[in-house]
Amino acid sequence: MYLKISNNVVSFFWPPRSVIHFNRHLSRMNNYSTSNNIATGKDCGEERWLSYHSQHFIPITSSQRGVLTLAAGAVAISRPKQSDNVATLGDASSGLALPGIRARMLSHPEGGRILSDKPRLTSDVLDLDKLIDYPANSLGRCYATFMRENGISADSRAPVCFVEDPQLAYVLQRYREMHDFNHCLLAMRTNMMGEVTVKWFEAIQTGLPVCVSAAILGPLRLTRRGKRRLVTRNLPWVVRTAYRASLTLNVYWEERLSQDIDELRRELNITLLTGYNIPLGKTS
């Protein structure tokens, strides 16, 4: 096996005559926002999602998937802020977890409607200029405040490229696009402590390998003091909360934007960590 990682381009030979140049994949990821309007909003429907998936899907063999998982994982660990590598790791490693997540969504009334409607959480639906004027402490206002303060766009999430089944690919896409709502629900910042805490929550709720690996390896980047705080304060709380809470993938976020976020937390059985959270959308 020959593996090369250079300038965010991953190339490998496995077996020797089989070559995949992932610059094609990364080029798609860098330019996907221009075609993201193919399947956006609540009314995207099955046909639009299938069209979107077919445009971005890249077929690979099982052996290539294994090497890609290792390669993307290595780059994601060394360069965690490069979201394209993290997304590739998620694509390549999530196959076994996705059917179980989809089954849990199908068994839930709201989750089942999400899978039927296949809405996309993009700026077409999540207009920050409008959401910032929502009532104080509403989910929409909290989300807009969080996104603006951290300079994040709803269109920044990469498309799923290496999941062949379009139904399972949608589940992973939905998880990827709702990640920032989990930050809002848990009132966690986007610093390393906040990201690791949210990943623990998502790892327990979904079992996705990309979440599990981030939850386990992420703390290595914390200071000694940060590790101590994570183990003694954040972990006991987030593990307990993740097991008690309802699956947040079953929340139809587009329909909950006007809802008071504290009311939604009570509905989902989520309690905040005392002394470590961010006030969002509290002022009128």
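A salt bridge is defined here as a side-chain nitrogen of Lys or Arg within 4 Å of a carboxyl oxygen of Asp or Glu. A search of the whole structure by this criterion finds 11 salt bridges. The structure is a predicted model, in which local features need pLDDT of at least 70 and side-chain atom pairs count only at pLDDT 80 or more, while totals for chains, interfaces and linings use all residues. Residues are numbered from 1 along each chain as its sequence is written, and side-chain values use heavy atoms, with hydrogens and water left out.

Side chains of opposite charge can pair when their charged atoms come close. Aspartate 180 is one case, forming a salt bridge with arginine 157 at 2.9 Å between the closest N and O atoms. This pair links distant parts of the chain, 23 residues apart. Aspartate 180 is in helix H9, and arginine 157 is in the loop between helix H8 (139-149) and H9. Helices are DSSP runs (H or I, at least four residues), numbered from the N terminus. Aspartate 180 is buried, because its relative accessible area is 4% and buried means under 20% relative accessible area; exposed means over 50%, and partly exposed lies in between (1.4 Å probe, protein chains only).

A salt bridge also joins the side chains of glutamate 202 and lysine 199, at 3.4 Å from N to O. Both residues lie in helix H10 (residues 192-206). They are three residues apart, so about one helical turn separates them. Glutamate 202 is buried, at 1% relative accessibility. Lysine 199 is buried as well, at 15%.

Arginine 256 and glutamate 267 meet through their side chains in a salt bridge of 2.8 Å, N to O. The pair links distant parts of the chain, 11 residues apart. Arginine 256 sits in the loop between H12 and helix H13 (261-268), and glutamate 267 sits in helix H13. Arginine 256 counts as buried because its relative accessibility is 12%. Glutamate 267 is partly exposed, with a relative accessible area of 44%. Salt bridges that share partners join Glu110, Arg256 and Glu267 into one network.

Helix H9 (residues 166-186) also holds glutamate 177. The side chain of glutamate 177 makes a polar contact with the side chain of arginine 120, at 2.5 Å. A polar contact is a pair of N or O atoms within 3.5 Å; within protein, one must be able to donate a hydrogen and the other to accept it, and residues adjacent in sequence count only if both atoms are side-chain atoms. Glutamate 177 is buried, with a relative accessible area of 5%.

Arginine 141 is found in helix H8. Arginine 141 is buried yet has no salt bridge. The nearest side chain of opposite charge is aspartate 133, 6.7 Å away; Lys and Arg count as positive and Asp and Glu as negative, while His and the chain ends are not counted. A polar atom of the arginine 141 side chain lies 3.5 Å from the backbone oxygen of isoleucine 132.

Aspartate 91 is found in helix H4 (residues 83-93). Aspartate 91 is buried, at 1% relative accessibility. The C-alpha atoms of aspartate 91 and glutamine 173 are separated by 9.5 Å, although these residues are 82 residues apart along the chain.

Two loop residues other than glycine have positive phi values. Phi of lysine 118 is near 50°. Lysine 118 is found in the loop between helix H6 (109-117) and helix H7 (128-131), and is buried at 2% relative accessible area. Phi of asparagine 137 is near 70°. Asparagine 137 lies in the loop between H7 and H8, and is buried at 9% relative accessibility.

Surface patches were also identified. Patches are made of residues with over 30% relative accessible area and no salt bridge; like charges are joined within 9 Å, and nonpolar side chains (Val, Leu, Ile, Met, Phe, Trp, Tyr) within 5 Å. Val212, Ile216, Leu217 and Leu220 form a nonpolar patch, with about 350 Å² of accessible area together. Accessible areas come from the Shrake-Rupley method with a 1.4 Å probe; for residues, only the protein chains shown count as cover. Leucine 217 lies in helix H11 (residues 209-217) and is partly exposed, at 34%. Arg224, Arg225, Lys227, Arg228 and Arg229 form a positive surface patch. The place of a charge is taken as NZ of Lys, CZ of Arg, CG of Asp or CD of Glu. Arginine 229 is found in helix H12 (residues 224-244). At 37% relative accessibility, arginine 229 is partly exposed.
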